[in-house]
Amino acid sequence: MKFLERFDQINPRIVYLLMALALVLPVLKPIGMPIEVDNELTRPVYDWIESLSPDDIVFFDASYGGGSDAELSPQLEAWLYHCFMKDVKVIGVAQWETGAQLSSNVCQKVAARATAAGYNAEYGTDWFFVGWRNMVWRGMIDDFWLTVGNQDFWGNHLSTLPLAARVPKWDTEHTKGLIIFSAGSPGIPTYTTYWPDHDIYVGDVAVQVAGTSNYLRSGQVKGIIPGLRGAAEYEKLTGQPGLGTKLMDAQSVGHVIIILLVILGNISFFMKQSQKKAAA
């Protein structure tokens with residue numbers, strides 16, 4: 001009881017230490033807290049890849065920066081690994097220059113992990129990355145190679161990439177849909193405007209999901225991976241727990257610590273108030 005009475009005098013460094021442990025330990029040793037998959041938002045994205053045949057081609061766009069990396073890179077990692085599991089071929093672009101830098105690292109990491117697991121993830125054959133270009137995006141519908149300058153992100157000519165030969169144009173004849181990992185503008189409207197005949201999916205930061213849901217209701221978007229939770233949901237669907245699951249564990253434990261501190265603080269406050277009234 002004395003501890004609660006003096007709770008308002010607790011050293012702030014103890015609070016900081018508790019929060020640090022709550023955020024770090026679940027990442028180092030995941031708890032695997034239960035998470036329910038959203039059947040309206042996340043599952044359609046998973047079902048899209050599951051419905052494809054080996055050798056089908058899909059696109060992704062990394063339209064995000066450092067501020068949204070913690071939410072969208074785990075989504076990209078989970079989704080891309082799923083593609084390699086299904087032997088679906090992947091081509092990456094980016095409307096944001098920072099997105100190109102961040103997602104290129106994710107792609108290389110996931111490809112190495114998939115290769116080690118025995119999946120086909122050879123660069124140029126199973127996937128390649130164009131990255132960011134200062135270009136008229138609509139031009140890729142008519143001539144993909146010319147519009148991206150005939151080069152990939154690392155300067156390789158597209159003629160040296162077998163997968164590129166299968167996509168002279170970015171249209172429904174050559175590809176089976178696209179997903180944009182979006183943190184703002186430019187973003188989703190590029191595809192709802194110029195690729196309305198495609199199946200469009202979105203990996204979204206949590207704060208934008210309410211607005212993006214309007215695209216879902218209108219049928220312009222077929223599914224949405226919502227924030228960090230969506231990444232963890234996707235990992236659950238594929239049976240491949242990863243960074244999203246770890247970070248959701250850390251977030252959940254952090255929230256529990258905050259709630260407990262608020263409850264204890266209020267108990268301490270009301271106990272002191274009662275003591276003052278009794279003394280009066």
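Patches here are built from residues with over 30% relative accessible area and no salt bridge, nonpolar side chains being joined within 5 Å. In this predicted model, one such nonpolar surface patch is made up of L17, L21, L23, V24, L25 and L28, which together put about 570 Å² of accessible area on show. L28 sits in helix α2, which covers residues 12-28. Its relative accessibility is 67%, so L28 counts as exposed, the cut-off for that being over 50%.

Stepping back to the whole protein, there are 10 helices and 6 strands, and the C-alpha trace stretches about 85 × 40 × 30 Å along its principal axes. Of the 280 residues, 46% are buried. As for contacts between residues at least 6 apart in sequence, 72% link residues at least 24 apart.

Now for the inside. In soluble globular proteins, nonpolar side chains tend to be buried together. The largest nonpolar core here holds 37 residues, and W48, F60, W79 and I179 have the most contacts inside it. Elements giving two or more residues to this core include helices α3 (42-51) and α5 (97-116), along with strands β1 (57-63) and β4 (178-182). The biggest share comes from α4, with 8 residues. Another core, of 30 residues, lies apart from this one and counts L41, F128, F144 and V167 among its members.

Terms used:
Residues numbered from 1 in each chain as written. Predicted model: local features only at pLDDT ≥ 70, side-chain atom pairs only at ≥ 80, totals over all residues. Heavy atoms only, no water. Patch = residues over 30% accessible without salt bridge, like charges linked within 9 Å, V, L, I, M, F, W, Y side chains within 5 Å. Areas by Shrake-Rupley, 256 points an atom, 1.4 Å probe, with all protein chains shown as cover. Salt bridge = Lys/Arg side-chain N within 4 Å of Asp/Glu carboxyl O. Helix = DSSP H or I, 4+ residues; strand = E, 2+ residues; numbered from the N terminus. Buried < 20%, exposed > 50% of the residue type's maximum accessible area, 1.4 Å probe, protein only. Core = buried A, V, L, I, M, F, W, Y, C linked by side-chain atoms within 4.5 Å. Contact = heavy atoms within 4.5 Å.
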